[in-house]
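Welcome! Please take a look at the structure below, and then we will walk through some of its parts together.

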Amino acid sequence: MTDGGAPAEPAPAEEATKTGATAWRRFARDYLSPKAEIPTQAALLAGFLFGGFILLLWCGITYGGLVPPNFLPAPHKVLLAGIQFTQQGRLPRDIWASARVVLLGFAISSIIAVPLGILMGGFRIVQAALEPTINFIRYLPVTSMIPLLILWVGIGIEQKVSVILIGTFFQQVVMIADVARQVPRDLINVSYTLGARRGLVVTRVLLPATLPGVVDALRVTMGWAWTYLVVAELVAANSGLGYLSLQAMRGFRVDVIFLAIFIIGFLGMAMDFLFRAIRRWGLPWAE
Amino acid sequence: MSKLSIRDVELRFERRGRPPLLALDRISLDVADKEFAVIVGPSGCGKSSLLYLVAGLNRPSGGIMLLDGKPIDEPDRDRGMVFQSYTLFPWLTVRDNIAFGLKIQGKGAADQQAIVDRYLAEVGLESFADAYPKQLSGGMMQRVALARAMANDPQILLMDEPFGALDSQTRVMMQQLLLHVWEHEHKTVLFVTHDIDEALLLGDRLYVMTARPGRIKERLHVTLPRPRPVEMTMSPEFLALKQRVLGLLQEEVTKSIGLGRAEAG
């Protein structure tokens with residue numbers, strides 16, 4: 001930590017109130033200055049404190065009897081539901097059913113969207129051809145396609161995968177095209193002056209230059225893929241976390257609804273972590 | 001025969017609903033083999049545009065450009081370029097950045113290694129061979145960019161204000177390094193800058209350009225002896241030359257900041 005304009009500390013002989021005020025001033029200067037860096041430990045502590053505060057609030061409301069248990073379940077109820085459903089084998093099955101759909105839809109979408117997006121951002125002609133159509137489809141809510149998808153592909157896994165595919169694909173293409181468009185022009189120019197031909201410029205320069213941005217775009221759209229999963233499962237499904245939640249609603253099992261929400265949240269966090277790790281370890285050269 | 005010859009080159013930008021903007025007006029110049037030629041001019045005069053034309057990164061609206069008697073068409077490795085912006089490939093180490101052009105040529109691994117090592121030493125970055133660009137300072141990045149361009153053994157080295165983004169101390173150090181490298185390698189160089197000290201310290205021949213539309217206003221032979229240490233910038237000969245160029249440029253700068261808008265687009 002630097003302490004650029006720090007006020008001088010008062011002599012130890014001064015009164016206690018004065019040192020209290022100094023401590024506060026120092027805290028304010030170190031932690032409450034706009035955009036100032038803080039130590040990693042402090043950052044971790046702040047995160048845990050806030051999480052703990054929410055948990056405590058939840059405990060207080062439920063154990064204190066402020067709300068009826070069928071409105072908001074107590075934390076241990078959710079935990080018990082988790083143990084019960086795991087022992088029955090239901091929870092792993094539902095998690096796998098959901099994860100499979102998300103990963104499948106996301107993978108198919110990414111495999112097409114990444115190259116297409118790079119082409120769109122790299123070549124004005126591709127952009128001119130595709131952009132109007134993609135922008136039209138991009139603003140259609142995926143939910144408006146569900147009736148059509150059910151008619152076309154039924155209510156099996158194909159329907160859910162399609163919802164995720166449509167929901168993420170067009171966003172991915174637009175985001176990745178943006179990434180490719182932001183590759184500095186002189187990076188392309190210098191490659192030409194070093195003797196690279198057009199094809200090589202695409203594979204050896206444009207492609208690697210977009211990698212960090214592509215990983216970031218995938219990380220963000222992965223979050224949206226999870227959102228669309230639950231939408232798809234609420235409409236028509238016989239397994240999965242959305243279905244688990246829907247069934248729990250019918251049986252007034254608020255604890256199970258919360259269980260499903262937590263699992264989705266934790267899986268999302270794990271995915272986010274995974275993408276960050278890929279970025280850090282796979283692309284150590286990126287800023 | 002001159003290495004690079006430029007005859008009546010023009011660059012015009014078409015504009016919708018308005019007359020086309022003339023950026024370069026009948027530029028003619030010759031760069032001799034192993035000569036260090038410098039183009040100096042006020043900002044916006046089109047001096048960088050001219051360099052991009054020679055590189056083949058843009059096409060002139062008229063005129064002829066010949067390198068070794070052959071017309072310039074597409075960009076190629078016979079015209080290496082160092083840009084003002086940082087253009088190292090971030091995903092490649094310093095070593096692999098310098099080897100980029102050699103790999104494309106299909107040079108053998110041993111050859112590549114030898115050439116890269118030679119130019120790493122030339123720019124004094126042996127100990128950073130395996131670093132990524134993000135670990136380097138601005139001056140170091142431009143040294144790698146210079147080594148990368150030189151390693152490709154171009155017929156002419158084009159430099160577009162390569163030290164423009166650096167602080168003044170680093171800039172002076174880079175000029176000395178460039179002079180040192182140039183005295184070793186004796187490449188033909190076409191260098192663009194708006195900095196008169198830099199132009200006089202580096203060049204054999206100086207072309208002063210007018211404000212837009214860019215024309216060659218004056219050609220000067222810089223007869224200062226080499227090697228040229230920094231201290232030379234304080235010698236009477238240097239100062240006399242500087243005063244002359246300053247006078248030439250002053251008129252153009254006044255024009256370009258809007259005091260004479262006769263021809264401005």
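How many bridges join strand β1 of chain B to strand β4 of chain B, and do these strands run parallel or antiparallel? There are 5 bridges, and the two strands run antiparallel. Keep in mind that this is a predicted model, in which local features need pLDDT of at least 70 and side-chain atom pairs count only at pLDDT 80 or more, while totals for chains, interfaces and linings use all residues. Residues are numbered from 1 along each chain as its sequence is written, and chains are lettered from A and ligands numbered from 1 in the order in which they are written.

- Strands here (E, at least two residues) and helices (H or I, at least four residues) are DSSP runs, numbered from the N terminus.
- Strand β1 covers residues 4–15 and β4 covers residues 62–67 of chain B; across this pair, R7(B) stands opposite I64(B).
- Two strands count as paired if DSSP finds at least two bridges between them.
- β4(B) is also joined by 2 bridges to β5 (residues 70–71) of chain B, again running antiparallel, and L66(B) has P71(B) as its bridge partner.
- The hairpin of β4(B) and β5(B) has 2 residues between the strands, and D68(B) takes a positive phi near 55 degrees there.

**The open sheet of chain B**

- Strands of a sheet pair through backbone hydrogen bonds, either parallel or antiparallel.
- In chain B, 6 strands form an open sheet with mixed pairing, in the order β6-β7-β8-β3-β9-β10.
- Its edge strands, β6 (79–82) and β10 (216–221) of chain B, each pair on one side only.
- Strands β7 (residues 156–160) and β8 (residues 188–193) of chain B run parallel and are joined by 5 bridges; I156(B) stands opposite T188(B).

**Domains of chain A**

- Chain A is divided into domain 1 (16–67) and domain 2 (79–282), with bounds that come from an automatic or database domain assignment.
- The centres of these two domains of chain A, taken over C-alpha atoms, are separated by 35 Å.

**Where chains A and B touch**

- 16 residues of chain A are in contact with 21 residues of chain B (C-beta atoms, placed from the backbone, lie within 7 Å).
- On the side of chain A that touches chain B, the elements giving two or more residues are α8 (185–193) and α9 (198–235) of chain A.
- α8(A) gives the most to that side, with 6 residues.

How values were computed:
Contact = placed C-beta atoms within 7 Å.
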